[in-house]
Amino acid sequence: MNRSKYEDKQPLKQPPNTSDGQPSKRGRQAPKPLRGVFEHPPDSGIWWVNYYVDGKRHREKVGTRKAASDLYSKRKNDARMGVKLPDSLKAKRAVLFEELAKDAMEYSKAHKKSHRGDISNLSSLLPVFGKMKAEEITPQTISAYFSTRTDLKPASINRYRSTMSMIFAEGIRNGKVTANPARLVRLRKENNARLRFITFEEEAQIRSIIRRRCPVHEPDFTVAVETGMRLSEQHSLEWPDVHLNRQQIQLVATKNGSSRVVILSKEAVEALRVCQARRVPHTPRVFLTRYGEPMENPRAWFRLVMEDAIKQNKQLVDVTWHVFRHTYISRLVMAGVDIRTVQELAGHKDISMTTRYAHLSPDHKLSAVAKLSSFREQSQARSQSV
């Protein structure tokens, strides 16, 4: 055998063999040591083989001493004959979570409307999991991390889980991992019972602060409240999709994957005309920063506005940009618009999402019950006249 290719060496951390006829701890004569075969842990009865192929060290757990000796002889003979090792024994480069994340973010940027959310979630996940081997990340590892995030609501934790699941799913498609541990992490139960929406008085408070601190963004606020578009839909909107003469916006790709038409109120049309006056030639985007660049996210200026608003009214502490979508849908329901039409205007794929707002129209329900009473009275009157 060519020793430069296949070295018979004992592993560096291998415990010394009991030899020279000295008794072992179990009180019997220790067997003579065999080259390339060792027992670990000592006196456990579990035998291993240790060998080198092309300068790379390999160790295999076998079982009995005889089986280990036979396997060592086989590996030695295979090396002489040039037989390749089984694929399962070939050394594989460890894939780190950060590598999977990099690939997944490229996919997310190209295919997902929620790409900005994935990037935001990843900024918290990378410091924890980035340098970990992907194969070492288990459902228990992920759940343990989520348990430490007491600052997050169940809905936010579910978004983190979704991002991790997407990263591993993309890794499976790329052939870099074989399992998706995030899929086995239980979803947190989200509390959607209370739907926060702003009153007209609260809207006026927020609007007055916008006019004082950043008036250039008042149209952004108006369009959010008057159309109910999602943040990602509104801030990726381009002028070719806006038809002011028809009072419509054509959203080509929405969160649920389908296109829809947004009907504009007169207030929304006026706000968009203000935006149109600021239109710049180098971008088709509708909503711009104060410097005339595309507005990717209103978080920065909106945070400043809400800090002042909360000082005036503590009840506004839970108002986020998404609350304006709830406000739009809630006002439609409270105005007596039927649920099916509200579903279409809101762009809900499933009407069950819309029926969460049904409790906001008590007058509409009272009117329906009144019709039942009227029907009863008319039926009784007809029966008495016969």
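**Entry 1: around helix H7**

I started just after helix H7, where Gly 228 has a positive phi of about 70°. I'm working from a predicted model, so everything here is computed from that.

Next I looked at helix H7 itself, residues 218–227. How many of its residues are buried? I get 10 of the 10, so H7 is largely enclosed by the rest of the structure. For the record, the buried residues are Glu 218, Pro 219, Asp 220, Phe 221, Thr 222, Val 223, Ala 224, Val 225, Glu 226 and Thr 227.

What covers them? The cover includes H6, helix H8 (231–234), helix H9 (266–277), helix H10 (299–312) and helix H11 (323–334), and strand S6 (260–263) is in there too.

**Entry 2: the chain as a whole**

I stepped back for the totals. The chain has 14 helices and six strands. Of its 386 residues, 39% are buried. I also checked contacts with a separation of 6 or more: residues 24 or more positions apart account for 56% of those.

**Entry 3: salt bridges**

I searched the whole structure for salt bridges and got 21. I wrote up a few of them.

Glu 99 pairs with Lys 176, and the closest N and O atoms are 2.9 Å apart. This pair links distant parts of the chain: Glu 99 sits in helix H2, Lys 176 in the loop between H5 and helix H6 (200–213), and 77 residues separate them.

Glu 202 forms a salt bridge with Arg 196, with 3.2 Å between the closest N and O atoms. Both Glu 202 and Arg 196 are buried.

Glu 233 forms one with Arg 230, and here the closest N and O atoms are 2.7 Å apart. Glu 233 counts as buried because its relative accessibility is 4%. Arg 230 comes out at 12%, so Arg 230 counts as buried as well. I also noted a network: Glu 203, Arg 207, Arg 211, Glu 218 and Arg 331 are joined into one by salt bridges that share partners.

On the H3 side, the contact is made by Asp 118, Asn 121, Leu 122, Ser 124, Leu 125 and Phe 129. H5 brings Arg 159, Tyr 160, Thr 163, Met 164, Met 166 and Ile 167 to the contact.

**Entry 4: the three-stranded sheet**

I found an open sheet of three strands, in the order S1-S2-S3, with antiparallel pairing. Which strands are at the edges? Strand S1 (37–39) and strand S3 (56–63) are, each pairing on one side only. From one strand to the next, the twist averages 30°.

Strand S2 (residues 47–53) runs antiparallel to S3, and seven bridges join the two. Within this sheet I marked Asn 50, which stands opposite Arg 59 in S3. Helix H1 (residues 65–81) lies across S1, S2 and S3, and runs at about 15° to S2.

**Entry 5: a positive phi at Gln 247**

Last stop was Gln 247, which is not a glycine but has a positive phi, near 55°. Where is Gln 247? I found it in the loop between strand S4 (242–243) and strand S5 (248–251). Its relative accessibility is 37%, so Gln 247 counts as partly exposed.

How values were computed
Residues are numbered from 1 along each chain as its sequence is written. This is a predicted model: local features need pLDDT of at least 70, side-chain atom pairs count only at pLDDT 80 or more; totals for chains, interfaces and linings use all residues. Side-chain values use heavy atoms; hydrogens and water are left out. Two strands pair if DSSP finds at least two bridges between them. Helices (H or I, at least four residues) and strands (E, at least two) are DSSP runs, numbered from the N terminus. Axes are lines fitted to C-alpha atoms, for helices over the stretch in contact, and angles run from 0 to 180 degrees between N-to-C directions. Contact means heavy atoms within 4.5 Å. A salt bridge is a side-chain nitrogen of Lys or Arg within 4 Å of a carboxyl oxygen of Asp or Glu. Buried means under 20% relative accessible area, exposed over 50%, partly exposed in between (1.4 Å probe, protein chains only).
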